[in-house]
Amino acid sequence: KPLAPPWHFALRAILAATLIALSGLALLGPDALAVFPTPFWLAFTLSITVALGSSAWAAAQWMSPTGRASLLLPFAGFLVSAFLLLSVGLSGVFAPGLAALCLSVGAVFSLATALVFLFVFRRTAPIFRHRVAVAAGLLSGCTGFLVIQLHCPLNELLHMLTGHALLPLLWGLAAYFISRLAFR
């Protein structure tokens, strides 16, 4: 059975990530909206949307042996999102326990997204499985990053970098190593 066009898979991935992010915000509440200024939220939303959309598109493209994609745009969107935290982050007392709590709460939503992606991206071409896994891992991590950034009202810089922005990197790396073990 031939694969559906890449935009089908990308759209499914974006819809799944959006539904999980919205359910996370419904459960936790968008408590950080009042803490940070509107220009930050506009820039953050744009950059994280670029990271999410381009990750989904890259994973969908790499499902076919003829697919062409790059992780440059997803990583650029993520890096801009992380660097935006520098503009609003304040120096203060870093509480590793609170950062670990935010990381674990964000990881729950990243895990939910990754589990959905196991079904969305299950039929991949063998030569691109690792690339699909990294793109899907980055997309899962960005979903958790978005949820926890919108929820957590703490604006201490080190907290936001380790408890929020670290999620996409961890999930991208974890997806790569898991795919290496699973697809030998």
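Angles under 35 degrees between the N-to-C directions of two helices count as roughly parallel. In the predicted model examined here, helices H1 and H5 pack at an angle of about 25 degrees, with their axes 9 Å apart, and H1 and H5 are therefore roughly parallel to each other. The crossing of this pair, H1 with H5, is right-handed. On the H1 side the contact is formed by Ala13, Ala17, Ile20, Ala21, Gly24, Leu25 and Leu28, and on the H5 side by Leu139, Thr143, Leu146, Val147, Leu150 and His151. Sorted by class, the residues in the contact of H1 with H5 comprise 10 nonpolar, 3 polar and no charged.

Helix H5 also packs against helix H3, again at an angle of about 25 degrees but with the axes of H3 and H5 11 Å apart. H3 and H5 are therefore likewise roughly parallel to each other, although the crossing of H3 and H5 is left-handed. Pro74, Phe75, Phe78, Ser81 and Leu85 of H3 make this contact with Leu138, Phe145 and Gln149 of H5, and the residues involved in the contact of H3 with H5 divide into 6 nonpolar, 2 polar and no charged.

A further pairing is that of H2 with H3, which pack at an angle of about 160 degrees with their axes 7 Å apart, and that angle makes H2 roughly antiparallel to H3. The crossing of H2 and H3 is left-handed. From H2, the residues Phe40, Ala43, Phe44, Ser47, Ile48, Val50, Ala51, Ser54 and Ser55 meet a set in H3 made up of Leu73, Pro74, Gly77, Phe78, Val80, Ser81, Leu84, Leu85, Ser87 and Val88. By class, the contact of H2 with H3 contains 13 nonpolar, 6 polar and no charged residues.

The largest nonpolar core has 46 residues, of which Phe40, Phe44, Phe117 and Phe121 touch the most other members. At least two residues of this core are supplied by each of helices H1 (6-28), H2 (38-61), H3 (72-88), H4 (96-120) and H5 (129-151), and H5 gives the most, with 11 residues. A second, separate core consists of 5 residues, among them Ile148, Cys152, Leu167 and Trp171. Returning to the largest core, one of its most connected members, Phe121, is in contact with Phe9, Ala13, Ala56, Ala59, Ala60, Met63, Val132 and Ala136, when neighbours within four places in sequence are left aside.

Several individual positions along H5 were examined in turn. Ala135 lies in helix H5 and is buried, with a relative accessible area of 0%. Not counting residues up to four places away in sequence, Ala135 touches Ser55, Ala58, Ala59, Trp62 and Leu71. The C-alpha atoms of Ala135 and Gly29, which are 106 residues apart along the chain, are separated by 28 Å.

Ser140 is also placed in helix H5, where this residue is buried, with a relative accessible area of 1%.

Cys142 and Leu115 are 27 residues apart in sequence, and their C-alpha atoms are 14 Å apart in space.

Ser179 counts as buried at 3% relative accessibility, because the cut-off for a buried residue is under 20% relative accessible area. Leaving aside neighbours within four places in sequence, Ser179 is in contact with Arg129, His130 and Ala133, and the span of H5, residues 129-151, takes in these positions.

Methods
Residues are numbered from 1 along each chain as its sequence is written. This is a predicted model: local features need pLDDT of at least 70, side-chain atom pairs count only at pLDDT 80 or more; totals for chains, interfaces and linings use all residues. Side-chain values use heavy atoms; hydrogens and water are left out. A nonpolar core is a set of buried Ala, Val, Leu, Ile, Met, Phe, Trp, Tyr and Cys residues joined through side-chain atoms within 4.5 Å. Buried means under 20% relative accessible area, exposed over 50%, partly exposed in between (1.4 Å probe, protein chains only). Helices (H or I, at least four residues) and strands (E, at least two) are DSSP runs, numbered from the N terminus. Contact means heavy atoms within 4.5 Å. Axes are lines fitted to C-alpha atoms, for helices over the stretch in contact, and angles run from 0 to 180 degrees between N-to-C directions. Angles under 35 degrees count as roughly parallel, over 145 as roughly antiparallel, 65 to 115 as roughly perpendicular and the rest as oblique. A crossing is left-handed if the near helix is turned anticlockwise from the far one by less than a right angle, and right-handed if clockwise. Ala, Val, Leu, Ile, Met, Phe, Trp, Tyr, Cys and Pro count as nonpolar, Asp, Glu, Lys and Arg as charged, and the others, Gly among them, as polar.
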